[in-house]
Amino acid sequence: EYITDENTLKAIDNLDLQVKEGEFVAIIGHNGSGKSTLSKNLNAILFPTEGNILINKMDTREEDKLWDIRQTAGMVFQNPDNQIVATVVEEDVAFGPENLGIEPNEIRKRVIEAACKDSGLEDFIKEVSLDHVVGQNGAMLSGGQKQKIALARALVHDKPIIIFDEATAMLDPSGRKEVMKTIKRLNKEENITTLHITHFMEEAVDADRVIVMEKGKKLLEGTPKEV
């Protein structure tokens, strides 16, 4: 909830939502409809003033579950440049597990194995096709490649849920196509549960289910064809 002109408005209003493991759900709606607020609640960046949010049966209101929830529900935000934190791609991908307290030797092992083209591992860097840029300066890459780095950090853990908060909005058409190809492949081939908030109908049409939000409420829900 937030206050404007002395009135209390609900950014998310009585929203009932269930997402199955491996499902691809697109969420669309006008600016201010509550989409981004919803995404931040799913990652426990924000907390509901009423009701409950369960991520893999973990309640975001329980403080002792926050790190587990944030390791499970990964976020990719809108601005590619704001998500680059290191000078080398390899270090950037390691930034996420470092903040989660994973042992340095284990982090190094994961990054090295993932970056090796011949390792045969379906690991996070190889999955998002970044193995060829692992030693480069992330700031010098394209917007689409930067978003792939953010995606790689979110894929560190087993069976993650990835939430894309308008992650393609600031990309050019080729960058959008590149990122969407990766999102769809990870969802279909790796069974990655995907929530994609977008303004682009051509992206929403690839989802298993589309939810239309308006003024914090769920206005429509169904397959892309139905919506």
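Two residues are said to be in contact when heavy atoms of theirs lie within 4.5 Å. The structure described here is a predicted model, in which local features need pLDDT of at least 70 and side-chain atom pairs count only at pLDDT 80 or more, while totals for chains, interfaces and linings use all residues. Residues are numbered from 1 along each chain as its sequence is written, and side-chain values use heavy atoms, with hydrogens and water left out.

Leaving aside neighbours within four places in sequence, Thr198 is in contact with Ile27, Ile28, Glu203 and Ala204. Thr198 is found in the loop between strand 8 and helix 8 (201–204); helices (H or I, at least four residues) and strands (E, at least two) are DSSP runs, numbered from the N terminus. The side chain of Thr198 makes a polar contact of 2.8 Å with the side chain of Glu203. A polar contact is a pair of N or O atoms within 3.5 Å; within protein, one must be able to donate a hydrogen and the other to accept it, and residues adjacent in sequence count only if both atoms are side-chain atoms. A polar atom of the Thr198 side chain also lies 2.9 Å from the backbone nitrogen of Phe200. With 2% relative accessibility, Thr198 counts as buried, a term that means under 20% relative accessible area, whereas exposed means over 50% and partly exposed lies in between (1.4 Å probe, protein chains only).

Two strands pair if DSSP finds at least two bridges between them. Strand 3 (residues 24–29) pairs with strand 8 in the parallel sense over four bridges, and Val25 stands opposite Leu195. Strand 7 (residues 161–165) is likewise parallel to strand 8, over five bridges, with His196 as the bridge partner of Phe164. Strand 9 (residues 209–214) and strand 10, by contrast, pair in the antiparallel sense over five bridges.

The buried residues of helix 1 are Lys35, Leu38, Ser39, Asn41 and Leu42. Seen down the helix axis, these residues fall within an arc of 160°, so they line one face of helix 1; the arc is that of the directions from the helix axis to the C-beta atoms.

Most residues other than glycine have a negative phi. Ala44, which is not a glycine, has a positive phi of about 60°, and Lys215 has a positive phi of about 55°. At 0% relative accessibility Ala44 counts as buried, whereas Lys215, at 67%, counts as exposed.
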